[in-house]
Amino acid sequence: MRTIAIVNQKGGSGKTTTAVNLAAALAEAGKKVLLIDLDPQGSASLWYGFKDKGKALYNVLTEDDKFESAIEKTDINDLHIIPASVLLSGVEKALANEVASESILKNKLEALPVKPWDFVLIDCPPTLGILSLNALTMAKEVLVPVEAHVMALHGLVQLLRTINLVKQRLNPTLEISGILPCRVDYRTKHSQEVLDQLRARFEGKVCTSVIRENIRLAEAPLHLKPITSYDTHCNGAQDYRKLAKELIGPSETKPAEPIPAAPSPLDSV
Ligand SMILES: Nc1ncnc2c1ncn2[C@@H]1O[C@H](COP(=O)(O)OP(=O)(O)O)[C@@H](O)[C@H]1O
Ligand SMILES: [Mg+2]
């Protein structure tokens, strides 16, 4: 099971769009996926049609409730969700006097007797408070969506430093699985320049896949469908499928070639 926190303290960088659509693309590729919405705004939950369902997750974080009590099924095969709600904005206060409150979700996930998922994706809020810390403590990997705009690069160094601190103090096996350029518009020179800068400054850390600017991605939440269902052929759907393949890795994306049963006609020559 791979647990990936989707993190960037900057709002509007593409976290929710990535969490929702990567989850669907992974499920489409035959993976079992759990999407955890840790943002009190609940945008990922709303996208899948869950409104104000976050009480269960709030209770998992602040009471004795078990992890499994918050899991819901989505309309997509093999995709489960733990929805959020505005209640989550009170978690910080509720946990103010708790010891090791950053490890609550990690411990509760570990306590699950059966973990049927190949991927657990966590959509984080645009703050590095207790909710994001729970995500970073629970995850083995971090995916950092970055808007392909020069202003978006400023906070990136700070974010990577914070991730490193969490790794040192809370979660030694945490790795950055990729910085993901989002909203890339190849028609503008600026977008290409930012891409080049990203690849030069964070060598080896930037995903090969990029997510292009695509209006269909902005429309899809209104239809309560991930992009792979809303418009299966659009650039956005293709880009998130590519990202899913990149994360799954080359060895698993293609089934092994069957061994030919009949002898080759050349054998008798
Ligand atoms: N590739 C894209 N093309 C077009 N619009 C996008 C794309 N990615 C994100 N958006 C839009 O940008 C806004 C912010 O994206 P979102 O995923 O909600 O960011 P975050 O979760 O980091 O705040 C949303 O309105 C979303 O529809
Ligand atoms: Mg968001």
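Leu-35 stands opposite Ile-81 in strand 4. Strands here are DSSP runs of E with at least two residues, helices are runs of H or I with at least four, and both are numbered from the N terminus. This is a predicted model, where local features need pLDDT of at least 70, side-chain atom pairs count only at pLDDT 80 or more, and totals for chains, interfaces and linings use all residues. Residues are numbered from 1 along each chain as its sequence is written, while chains are lettered from A and ligands numbered from 1 in the order in which they are written.

Strand 2 (residues 33-37) runs parallel to strand 4 (residues 79-82), with 4 bridges. Two strands pair if DSSP finds at least two bridges between them. Strand 4 also pairs with strand 3 (residues 72-73), in the antiparallel sense over 2 bridges. There, Glu-72 faces Ile-81.

Now turn to strand 1 (residues 2-6), which holds Ile-4. Ile-4 is buried because 21 other C-beta atoms lie within 10 Å. The cut-off for buried is 20 or more other C-beta atoms within 10 Å of the residue's own, placed from the backbone. Val-142 is 138 residues away from Ile-4 in sequence, yet 5.4 Å away in space, C-alpha to C-alpha.

Last comes the ligand. Around ligand 1 there are 17 residues, and the closest are Ser-13, Lys-15, Thr-16, Thr-17 and Ala-218. A residue counts here if its C-beta atom, placed from the backbone, lies within 6 Å of the molecule. Helix 1 (15-28) and helix 9 (215-219) each give two or more residues to this shell. Helix 1 gives the most, with 3 residues.

How values were computed
A residue is buried if 20 or more other C-beta atoms lie within 10 Å of its own, exposed if 12 or fewer, and partly exposed in between; C-beta atoms are placed from the backbone.
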